[in-house]
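The stops below are given in the order in which to select them.

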Amino acid sequence: MAQKKGTGSTRSASKLDSLRNQIDRLDLQLLKLANDRAKLAVDIGKIKAEQGVEVFSPAREDEILTRMVEKNTGPLDNRAVRALFRELMSASRSLQRGLRVAYLGPEYSFSHLAALEKFGSSVDYVPVATIAGVFEIVNRGQADLGLVPVENSTDGRVADTLDMFTRLPLKICAEVSLKVHHNLLAMCSLADIRRIYSKPQALSQCRKWLATNVPQAQLKEVASTTTAAQLAKQEPHAAAVASRQAGVKYGLNTLCEDIEDFENNVTRFAVVGHQASPRTGKDKTSIMFKIPDQPGTLSDVLAIFKKNKINMSWIESFPARTDGKKNEYVFFADLTGHTNEIKIKRTIEAIGRKCENLEVLGSFPRGECFD
Ligand SMILES: O=C(O)C(=O)C[C@]1(C(=O)O)C=C[C@@H](O)C=C1
C-alpha cells in the first residue's frame, strides 16, 4: 500500500510540539522554584543584615556548587551545572545587596572573565586600569571586593599583586583559576600581519608560537589585551593576542586559536577585601612573612612546616621595601588548611616566632580551575 504523503513529517511535528509543551511546563516549574529559592535568599539577607554578616559567602557557594556537581547525573555536564547554580546564587546575592566587584580591566580582560566565573552576571563590575588601583578602590570601600591575578603557570608570580599586599591591609577570601587561552585576532590574513599587540604577559606566554608562525611581525606591548584588540581593529596590518571574547566584542577574525606555548596555561586570581571565609574542609591559607637577614632562618621556617606535616602549595619571595641598602625579602606561602584548625594555628604561631613579622592574608576554599 502506498504511504500517505506527509504522514512522517506530521508525526515528527506533533512529537516536536509535545516535547516543547513538556519543556514549557518544566520551565514554569523551574521559574517557580528559582523564585522560591530567591525568597529564601532574601530572608537570609535580612538575617545577615541584622547580624552584620557579609552578603558574599564563598564557603557556602563552594559547598553548594560542589554538592550539585557531585549529584549531577547528566546529560548536563558539570560546567553547565556550575554555570546554572552560579547564576542562581549571583541573582540571589543581588537581592540581598548589590555587590560591587573591582577587577583588573578593561572589560574582556582575563581578570574580567575570571570575575564572571566567580561571581556570575548579577554583580556591579568595576574595571580598574591597574592592580594597585583595584586594591586602593577596595581599601577605600568604593568596591566590596576586588579580583587580581596572583600567579601564572608559565610566567610565575604577579609582582604588582604581591607588592600591594605589603602596602594595604586587604585579605584574601576566595580564589579562582582560569585556563588562559590566547588567540590571534586580526582583520587581515596571517601573511599580511606586520605588528602584533598584546600585554607583556600574553606575548610572553605565546612567544614560541609567534616566532614560528608570524616571524615577520613586530611585537608591541600595550596595557591590556583589550587595548590590543581595539588597535588591531583600527590598523590594517595589525593583529592582537587576546581572548576569544575580546575578538567577538571588537568584531575581529580569529585567525588561530589557543596559541599559548604551554597547553596548561593557568592563571590563579585572588578575591581580596575585608572579609574572612569560614572553614569548608578543603581550604588554603595564605601567609606573608619577613625573616631576619641571618643564615638559616628560611630553613628554620621550612622545618616548622615539615615538623607539623603542613603541605605548602606555593612559596614566592619578593624584595622588601627597606632603606634600599639591605637585601631583604618578604615571603608569600600558601598552606593546605584553615587558620581555625589547631594544627595550622600552631604552625603559624611557631613560624611567627622566627619572623620579623608575619601576616595571615586569609583562609579560603581552594579554588576551581575553569577552562
Ligand atoms: O547561604 C547564604 O549565605 C546565602 O546568602 C544564600 C546564597 C545562595 O543563593 O544560595 C547567596 C549568596 C551567598 O554568597 C551564598 C549563598
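Which residue in β2 is the bridge partner of Leu-104? Select Leu-104 and look across to β2: the partner is Val-128. Before going further, note that this is a predicted model, in which local features need pLDDT of at least 70, side-chain atom pairs count only at pLDDT 80 or more, and totals for chains, interfaces and linings use all residues. Residue numbers start from 1 along each chain as its sequence is written.

**The strand pair**

Now select residues 100-104, strand β1, together with residues 124-128, strand β2; the two pair in the parallel sense over five bridges. Strands here are DSSP runs of E with at least two residues, helices are runs of H or I with at least four, and both are numbered from the N terminus. Two strands pair if DSSP finds at least two bridges between them.

**The loop between β1 and α4**

Stay with this unit and select Pro-106, which lies in the loop between β1 and α4. The peptide bond that joins Gly-105 and Pro-106 is cis, with omega about 5°. Tyr-108 is in the loop between β1 and α4 too, and has a positive phi of about 70° although it is not a glycine. Most residues other than glycine have a negative phi, and most peptide bonds are trans. Is Tyr-108 buried or exposed? Tyr-108 counts as buried because it has 23 C-beta neighbours inside 10 Å. The cut-offs, for C-beta atoms placed from the backbone, are 20 or more others within 10 Å for buried, 12 or fewer for exposed, and partly exposed in between.

**Two further backbone stops**

Select Pro-75, in the loop between α2 and α3. The peptide bond from Gly-74 to Pro-75 is cis, with omega near 10°. Then go to Lys-309, in the loop between α11 (297-307) and β13 (312-319). Phi of Lys-309 is positive, near 55°, in a residue other than glycine. Lys-309 has 8 C-beta neighbours inside 10 Å and therefore counts as exposed.

**The shell around the ligand**

Show the ligand and select Ala-41, Ile-44, Phe-56, Ser-57, Arg-60, Glu-61, Ile-64, Met-89, Ser-92, Arg-93 and Gln-96, the residues around it. A residue belongs here if its C-beta atom, placed from the backbone, lies within 6 Å of the molecule. Colour α1 (7-51), α2 (58-71) and α3 (78-96), the elements that give two or more residues to this shell. The most come from α3, with four residues. By type, the shell divides into five nonpolar, three polar and three charged residues.

From this shell, pick Ile-64, in helix α2. Ile-64 counts as partly exposed because it has 16 C-beta neighbours inside 10 Å. Leaving aside neighbours within four places in sequence, Ile-64 is in contact (C-beta atoms, placed from the backbone, within 7 Å) with Phe-85 and Met-89.

**The whole chain**

Finally, zoom out. The chain has 12 helices and 16 strands, and its C-alpha atoms fill a box of roughly 100 × 60 × 40 Å along the principal axes. Of its 371 residues, 36% are buried.

Notes
Nonpolar A, V, L, I, M, F, W, Y, C, P; charged D, E, K, R; others polar. Contact = placed C-beta atoms within 7 Å.
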